[in-house]
Structures are given as structure tokens and as C-alpha cells.
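Trainee: Could you walk me through this model before I set anything up with it?

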Amino acid sequence: MEEERKLKCFKCGVPLEIQTVFLEYSCNSLHTDLPVCPVCGQVYMSEEMARTKAVEVEQQFEEK
Ligand SMILES: [Zn+2]
């Protein structure tokens, strides 16, 4: 089972760490786990990930 590919910061060349980041989507916001560079703090989110998160956010707020 291939879980996650090891991501590296393109700038620093260090492995990214999964951190809880504050994400804003439209007028909504939430905390979510994303790969973050521990050196420069760059958050990495692919387009696919962004779409998935956007759906998650919509679902979360629809449930309330
Ligand atoms: Zn970096």
C-alpha cells in the first residue's frame, strides 16, 4: 500500500512535515493537515489536494 510520497521543499531540499495549518476557503476556514516545509514554512497543496479540501470544507459546513 503506497501511502504518501516523500515530498521535499524545492527551495530548501528538506523533507516536508505534516502540520496542522489554518486554511481559508471562501468565507469559511478550518484547520487541516498539510505538508509544510519546516525551514521556510511553505505550505504545499496540489490542485487535486485543494479540490479535495474544498469538498471537505463544504461538507463540514453543510453538516452543521
Ligand atoms: Zn523550504
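Trainee: To begin with, what percentage of the 64 residues of the chain count as buried?

Mentor: Of those 64 residues, 22% count as buried, where buried means under 20% relative accessible area, exposed means over 50%, and partly exposed covers what lies in between, with a 1.4 Å probe and protein chains only. Please keep in mind that this is a predicted model, in which local features need pLDDT of at least 70 and side-chain atom pairs count only at pLDDT 80 or more, while totals for chains, interfaces and linings use all residues. Residues are numbered from 1 along each chain as its sequence is written, and side-chain values use heavy atoms, with hydrogens and water left out.

Trainee: Which elements does the chain have, and in what order do they run?

Mentor: The chain has one helix and two strands, arranged β-β-α from the N terminus on; helices (H or I, at least four residues) and strands (E, at least two) are DSSP runs, numbered from the N terminus. The C-alpha atoms fill a box of roughly 40 × 30 × 15 Å along the principal axes.

Trainee: Switching to the metal, which protein donors does the zinc ion have?

Mentor: The SG atoms of Cys9, Cys12, Cys37 and Cys40 are the protein donors, lying 2.3 to 2.4 Å from the zinc ion. Donors here are N, O and S atoms within 2.8 Å of the metal (3.2 Å for Na, K and Ca), and water is not among the atoms, so sites may look incomplete. Along the chain, the donors of the zinc ion follow the spacing C-x2-C-x24-C-x2-C. Within that set, Cys9 and Cys40 link distant parts of the chain, 31 residues apart: Cys9 belongs to the segment before strand 1 (17-25), and Cys40 to the loop between strand 2 (28-36) and helix 1 (47-63).

Trainee: What is the geometry of the zinc site?

Mentor: The site is tetrahedral, with angles of 102 to 114 degrees among its four donor atoms; four donors count as tetrahedral if all angles lie between 85 and 135 degrees. For reference, the ideal angle for four tetrahedral donors is 109.5 degrees.

Trainee: Is Cys9 buried or exposed?

Mentor: Cys9 counts as buried, because its relative accessibility is 2%, whereas Cys40, with a relative accessible area of 35%, is partly exposed.

Trainee: What about Gln42, where is that one found?

Mentor: Gln42 is found in the loop between strand 2 and helix 1, and at 36% relative accessibility it counts as partly exposed. Gln42 and Cys9 are 33 residues apart in sequence, yet their C-alpha atoms are 7.9 Å apart in space. Leaving aside residues up to four places away in sequence, Gln42 touches Pro35, Val36 and Cys37, a contact meaning heavy atoms within 4.5 Å.

Trainee: Which residues does Leu16 touch, not counting those up to four places away in sequence?

Mentor: Leu16 touches Leu7, Lys8, Cys9, Pro35, Val36, Cys37, Pro38 and Tyr44 on that basis. Leu16 sits in the segment before strand 1 and counts as buried at 15% relative accessibility. The C-alpha atoms of Leu16 and Cys37 are separated by 4.7 Å, although the two residues are 21 residues apart along the chain.

Trainee: Last one, where is the place of Thr32?

Mentor: Thr32 lies in strand 2 and is buried, with a relative accessible area of 5%. Not counting residues up to four places away in sequence, Thr32 touches Gln19, Thr20, Val21, Leu23 and Lys53.

Terms used:
Tetrahedral: all angles 85-135°; square planar, octahedral: opposite > 155°, others 65-115°.
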